[in-house]
Amino acid sequence: MAVDRPFREQIVRFGAMLHERGFVAATDGNLSVRLDENRILVTPTCMSKGSMRPSDLVIVDNEGRLVKGRRRVSSEIAMHLLIYRLRPDVRGIVHAHPPTATGFAAAGMALNQPLVCEVVIGLGSIPLAKYGTPGTPELTEALEPLVPHYDALLMSNHGVVAYGADLEQAYMKMETVEHFAKIALVTHQLGIQQPLGAAEVEKLIVVRAKYQNGLPPSAASMPVSFSGSDGNHHRKNAEAPEERKDLTASRESK
Ligand SMILES: [Zn+2]
């Protein structure tokens, strides 16, 4: 218990921050930390992320079986297990329903335009995974092709999942996604978007390594797609990243 204590406190703290910022309502959302190769500390089901205590958290193994804890494990545990399986570099995961980013996910719009330099550096782009019923293999199948390539995903008609080298990184990525969604929304309200061109994006990707703050680099390649200024306006779920790497920037204004 003593060894897990700092991680339990971290989950409680970031859970409260998700709730405070309105990124989750009621008992939405879930957070987890990979403690070691075979143990994952995760939030329980049916609890507000704003009022958890360290002792409410549960520990499961890599198959999702309860190892320790009095409560029932999050119903989204399969999503966490999938990400930990596909990404050995990931040690923390945050899933929430921040309203603006989830609005994009409900409109069938990826956040894949290179509109803000910091987001290109930190995340590349945020693709939209196909819809899958929560807690079923349909959802993990929809996420699976994208998890190796990105550190944050929009889940169609559902929400956002973000992950990183530790829980703090995962939480920060969640905040970045929601903040970027607000900025993207303003460009839609203004009726014009001026995405960065391929040359500018290439330069940002080169400097990415400098922004790791001593943390191990993400294993994701974080490609940036240039789908053109109207590429977002139709319901378009993420294709395989390989097909989205075309670097022909379209700067036609709308
Ligand atoms: Zn959810």
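Me: Why does Lys182 count as partly exposed?
Reply: A residue is buried if 20 or more other C-beta atoms lie within 10 Å of its own, exposed if 12 or fewer, and partly exposed in between; C-beta atoms are placed from the backbone. Lys182 has 13 C-beta neighbours inside 10 Å, so it counts as partly exposed.

Me: What kind of model is this?
Reply: This is a predicted model: local features need pLDDT of at least 70, side-chain atom pairs count only at pLDDT 80 or more, and totals for chains, interfaces and linings use all residues. Residues are numbered from 1 along each chain as its sequence is written.

Me: What pLDDT does the protein chain average?
Reply: pLDDT is the predictor's confidence in each residue, from 0 to 100. The protein chain averages 89, and 86% of the residues score at least 70. Over residues 227-254 the pLDDT is below 50. That stretch still has 44 contacts in the model beyond near neighbours in sequence. Two residues are in contact if their C-beta atoms, placed from the backbone, lie within 7 Å.

Me: Where is Lys182 placed?
Reply: Lys182 is in helix H6. Helices (H or I, at least four residues) and strands (E, at least two) are DSSP runs, numbered from the N terminus.

Me: How do you know that the span of H6 agrees with its 24 residues?
Reply: The expected span of a helix is 1.5 Å times one less than its number of residues. H6 should therefore span 34 Å, and its end C-alpha atoms are 35 Å apart, which agrees. Gly191 follows H6 and has a positive phi, near 85°.

Me: What makes up the largest nonpolar core?
Reply: A nonpolar core is a set of buried Ala, Val, Leu, Ile, Met, Phe, Trp, Tyr and Cys residues joined through C-beta atoms within 7 Å. The largest has 64 residues, and Leu111, Leu153, Leu154, Val160 and Val177 have the most contacts inside it. Helix H6 (residues 167-190) gives the most to this core, with 8 residues. Buried residues of H6 include Leu167, Tyr171, Val177 and Phe180. Leaving aside neighbours within four places in sequence, Val177 is in contact with Ala101, Leu111, Ile126, Ala152, Val160 and Ala162.

Me: Why is strand E8 described as largely enclosed?
Reply: 6 of the 6 residues of E8 (residues 159-164) are buried, so the rest of the structure largely encloses it. Gly159, Val161 and Tyr163 point one way, while Val160, Ala162 and Gly164 point the other way.

Me: What makes E5 and E8 a pair?
Reply: Two strands pair if DSSP finds at least two bridges between them. E5 (residues 92-96) and E8 have 5 bridges, in the antiparallel sense. Ile93 has Tyr163 as its bridge partner in E8. E7 (residues 152-155) also runs antiparallel to E8, joined by 4 bridges. Leu154 stands opposite Val160.

Me: Why is Asn157 called partly exposed?
Reply: Asn157 has 14 other C-beta atoms within 10 Å, so it is partly exposed. Asn157 sits in the loop between E7 and E8. Those strands form a hairpin with 3 residues between them. Phi of Asn157 is positive, near 55°, in a residue other than glycine.

Me: Why does Met222 count as partly exposed?
Reply: Met222 has 19 C-beta neighbours inside 10 Å, so it counts as partly exposed. Met222 lies in the segment after helix H7 (198-207). Its phi is positive, about 50°, although Met222 is not a glycine.
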